[in-house]
Amino acid sequence: MLKYLATPRWFGWLALVLVLAAACSALGLWQLDRRDQAAATVNTVEANYDLAPIPYSPSLFESFDGATEWAPVTLVGHYDSANQRIVRNRPLGGRPGYEVLVPLKLQDGTAVVINRGWLPIGNDRAGRPDTVPPAPEGEVTVVARIRPAEPDLDRSAPQGQLASIDLAAYQSQLEYPISTAAYGLVASETPAPATAPIAPAKPAIDLGPHLSYSMQWFAFGVLLFVGLGYAARQQYRIDHEDEHAQSAPARARRRPSSEQEEDAILDAQGL
């Protein structure tokens, strides 16, 4: 059997299976990496989400520390509603929509961007929400959770909108500095506005199907070798059955049927 397999034909099939198995292994490892990332997110949410709000410090938003993500922070200041922006393409529960960003100017002279929540797509004008609930006027106390800034998507957006929560791009549209490493995801506003965007829900504590997907990819890789072995064995048996049939005597390879034997007897008897 080994001698039968030591041919260019089967070496070619083996090389193909090795490449495909390596791809399956890479995909399986990728799914495990995604599971590790999901586990890290879940651990951070569980550790920080329900903490008592901590006092504001500029360092919390001027440089992002993953260990503080989702931690609630108390900020006191005035919303700059004139420089409000709408972030495009923000789905929620399978529905398309927008998120509302407003700079909050704080008592110490710094400013932090607050994500006030989600709005559905509008029916009156394409590409815009119908209405945007105004931010509270005057001094407001905001409890917001720390979230990292998002990357530039290299995508344009209409006037008054952003393609992502790219705080550096937002900064370039303002006449004063804002913290560009992180923003605040609103948890509460005091005084509470009469109407407000839909508040963000707590992230799902779920690792997702990544572990089962990774096991499936690893299983596919193993099955490739099982399939190759089965195909080789079947082909080996077929080839050797043909060789045996070709080397056998003609009468052994093809025995006369019962009708042919009966006709031969009748011919011998002259009937």
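**Close-up views of a predicted model**

**View 1. Trp70 in its loop.** Trp70 sits in the loop that runs between α3 (59-62) and β2 (72-79), where helices (H or I, at least four residues) and strands (E, at least two) are DSSP runs numbered from the N terminus. Although Trp70 is not a glycine, its phi is positive, at about 75°. With 8% relative accessibility, Trp70 counts as buried (under 20% relative accessible area, whereas exposed is over 50% and partly exposed lies in between, with a 1.4 Å probe and protein chains only). The model is predicted, with residues numbered from 1 along each chain as its sequence is written, and local features need pLDDT of at least 70. Side-chain atom pairs count only at pLDDT 80 or more, totals for chains, interfaces and linings use all residues, and side-chain values use heavy atoms, leaving out hydrogens and water.

**View 2. Asp154 in its loop.** Asp154, which belongs to the loop between β6 (139-148) and β7 (161-162), is a residue other than glycine whose phi is positive, near 55°. Asp154 counts as exposed because its relative accessibility is 73%.

View 3. Thr190 and Pro191 are joined by a cis peptide bond, for which omega is about 5°. Pro191 itself is found in the loop that links β8 (182-190) with α5 (210-247), and Thr190, the partner of Pro191 in this cis bond, is the residue at which β8 (182-190) ends.
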